[in-house]
Amino acid sequence: PRGRSFEWWRFASWSEIPWVQALGIYQIVEKGINLLEGLLAARSHRLNGVANGSALEEWNPSDDKDCAAPYSILDFSGKLECKRALQREMGLPERDDVPVLGFIGRLDWQKGPDLIRDALGSLMNEDCQVIMLGSGLTELEEWMKWAEGQYPDRFRGWVGFSIPMAHRITAGVDIFLMPSRFEPCGLNQLY
């Protein structure tokens with residue numbers, strides 16, 4: 001019909017299908033096709049999606065064999081024990097009164113660990129601990145080793161990757177560092 005752009009009609013067929021992957025919707029909306037808002041709202045009862053391929057059962061802290069204690073959104077009582085266990089395992093002083101900041105990811109410019117590197121001096125002026133897990137660029141791996149030596153009671157860098165350690169970091173940190181340059185949402189944000 002007149003007055004409607006081609007893009008609108010290309011996606012209008014969605015109103016005829018029973019479900020749509022959420023990721024596809026977000027990619028379309030990101031590209032500026034905001035005319036779908038009414039259509040999506042009207043069909044919201046028929047929409048479902050896949051949360052970026054995340055394994056929700058495997059990463060459920062209420063039943064995670066890799067975590068020191070269970071906790072959930074309704075019962076955070078085990079969260080503090082997860083933090084203490086992580087501090088112990090990483091050789092950091094066990095302190096309930098300081099925030100533990102964590103990063104899990106590829107040591108690559110896209111993921112932004114260099115932004116953490118550049119801010120670490122300022123972070124270490126605060127009363128906090130930082131734990132990083134990842135591998136990638138040699139320059140960033142070497143920096144993590146340097147930072148451990150420079151801040152032995154405040155920084156730990158695990159060069160390499162360990163799924164059990166990723167679980168324990170996710171469960172034990174107070175604040176997750178996500179300095180990604182252009183990834184709007186990865187798996188770590190979902191867990």
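Student: Is C82 buried or exposed, and at what relative accessibility?
Tutor: This is a predicted model, so the value is computed from its atoms. Buried means under 20% relative accessible area. C82 falls below that cut-off, so it counts as buried, at 4%.

Student: Which cysteine sulfur is nearest to that of C82, and how many disulfides does the count give?
Tutor: A disulfide needs two cysteine sulfur atoms within 2.5 Å. The nearest cysteine sulfur to C82 is 4.9 Å away and belongs to C67. C82 is therefore in no disulfide. The count for disulfides comes to zero.

Student: What is the relative accessible area of C128?
Tutor: The cut-off for buried is again under 20%. C128 is buried, because its relative accessible area is 4%.

Student: Which element supplies the largest share of the largest nonpolar core?
Tutor: That core has 15 residues, and L120, V130, M132, W143 and F155 have the most contacts inside it. At least two residues each come from β1 (100–104), α5 (113–123), β2 (129–134) and α6 (138–150). The largest share is four residues, from α6.

Student: Which residues does W143 touch, leaving out those up to four places away in sequence?
Tutor: W143 is among the residues with the most contacts inside the largest core. Contact means heavy atoms within 4.5 Å. On that basis W143 touches I116, R117, L120, M132 and F155.

Student: How many residues are in the other core, the one that includes W59?
Tutor: This core lies apart from the largest one. Among its residues are W59, L86, V100 and I131. Its size is twelve residues.

Student: How many residues of α7 are buried, and what covers them?
Tutor: Helix α7 spans residues 163–172 and is mostly covered, with seven of its ten residues buried. They are M165, A166, H167, I169, T170, A171 and G172. Their cover includes α4, β1, β2, β3 (155–159) and β4 (175–176).

Student: Where is F76, and what is the accessible area of the nonpolar patch it forms with I73 and L74?
Tutor: F76 sits in the loop between α3 (36–42) and α4 (79–90). Together with I73 and L74, F76 forms a nonpolar patch on the surface. The accessible area of the three together is about 430 Å².

Student: In what order do the elements of the chain run?
Tutor: The chain has eight helices and four strands. Buried residues make up 38% of its 191 residues. From the N terminus on, the order is α-α-α-α-β-α-β-α-β-α-β-α.

Methods:
Residues numbered from 1 in each chain as written. Predicted model: local features only at pLDDT ≥ 70, side-chain atom pairs only at ≥ 80, totals over all residues. Heavy atoms only, no water. Patch = residues over 30% accessible without salt bridge, like charges linked within 9 Å, V, L, I, M, F, W, Y side chains within 5 Å. Areas by Shrake-Rupley, 256 points an atom, 1.4 Å probe, with all protein chains shown as cover. Salt bridge = Lys/Arg side-chain N within 4 Å of Asp/Glu carboxyl O. Core = buried A, V, L, I, M, F, W, Y, C linked by side-chain atoms within 4.5 Å. Buried < 20%, exposed > 50% of the residue type's maximum accessible area, 1.4 Å probe, protein only.
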